[in-house]
Amino acid sequence: MSRGGNGGRQRIKTAKGRSASSIKWIQRQLNDPYVRKAQAEGYRSRAAYKLIELDERFHFLRGAKRVVDLGIAPGGWTQVVRRICPQAAIVGIDLLPTDPIEGATILQMDFMSDEAPALLAEALGGPADIVLSDMAANTVGHQQTDHLRTMALVEAGCLFASEVLRPGGTYVAKVLAGGADHSLVAELKRLFTTVKHAKPPASRKDSSEWYVIAQGFKGRPEAAEADDE
Ligand SMILES: C[S@@+](CC[C@H](N)C(=O)[O-])C[C@H]1O[C@@H](n2cnc3c(N)ncnc32)[C@H](O)[C@@H]1O
């Protein structure tokens with residue numbers, strides 16, 4: 001690295017064999033205060049601060065006993081949950097491998113597979129207080145396709161949340177610019193008392209990601225009907 005004449009910003013010494021985009025990515029990581037903070041505080045990802053900031057604003061983590069983390073790898077969000085609610089049982093899923101985290105059951109599989117929701121619910125062993133989803137589809141560079149693929153994950157997460165959440169529970173999901181689609185917002189409003197969008201400061205300004213925070217799950221309609229009988 002060299003530090004001369006550029007206001008203290010770090011630069012990569014050798015760019016040999018690296019593409020322009022990978023050099024840009026490495027330089028951005030080196031100069032990102034959240035990356036440094038994550039390293040100093042022992043978080044596996046800078047994404048951890050997005051959850052910390054969302055929780056500072058919406059207060060959904062404290063006291064949670066069962067939490068689902070969709071798109072858990074490398075584990076930053078689950079580390080935050082562990083620190084704020086050490087007693088919580090966490091169940092996570094990711095396509096990628098995740099190093100073990102105490103208190104977390106981790107499935108390495110596609111959340112969109114037919115078996116995933118039942119396996120997650122079984123590992124959870126009871127109703128969830130919170131379903132978190134930081135999943136993002138791999139981008140192909142075609143804006144509309146990328147948007148549709150990520151929104152399909154959010155919708156599947158919403159359906160899953162409506163099956164496992166306890167009444168009063170929370171669903172937090174990453175969405176793309178413009179927030180959730182009208183039909184998804186309508187569905188979330190049908191299921192939850194409040195639905196808000198937020199872009200935490202740790203989310204990069206040039207990223208199109210936002211988060212939807214749906215709180216106060218109203219309960220499964222069929223469960224309410226069954227109670228009436
Ligand atoms: C931004 S990362 C999550 C970072 C995590 N919140 C943290 O703090 O460490 C998004 C993750 O979603 C996962 N993902 C995307 N699509 C998925 C799917 N269909 N099933 C399971 N995981 C998926 C990716 O593999 C990736 O690890």
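Leu 124 belongs to helix 5, residues 116-124. Helices (H or I, at least four residues) and strands (E, at least two) are DSSP runs, numbered from the N terminus. The model is predicted: local features need pLDDT of at least 70, side-chain atom pairs count only at pLDDT 80 or more, and totals for chains, interfaces and linings use all residues. Residues are numbered from 1 along each chain as its sequence is written, and side-chain values use heavy atoms, without hydrogens and water.

Leu 124 has 6% relative accessibility and therefore counts as buried (under 20% relative accessible area; exposed is over 50%, partly exposed in between; 1.4 Å probe, protein chains only). Leaving aside residues up to four places away in sequence, Leu 124 touches Arg 66, Val 67, Val 68, Val 91 and Val 164. Contact means heavy atoms within 4.5 Å.

Helix 3 spans residues 48-58, and nine of its eleven residues are buried. Among them are Tyr 49, Lys 50, Glu 53 and Phe 58. Their cover includes helix 2 (33-41), helix 4 (76-84) and strand 5 (165-176). Just after helix 3, His 59 adopts a positive phi of about 50 degrees.

Ala 48, Leu 51, Ile 52 and Asp 55 of helix 3 meet Gly 76, Trp 77, Val 80, Val 81 and Ile 84 of helix 4. The contact comprises seven nonpolar residues, one polar and one charged (Ala, Val, Leu, Ile, Met, Phe, Trp, Tyr, Cys and Pro count as nonpolar, Asp, Glu, Lys and Arg as charged, and the others, Gly among them, as polar).
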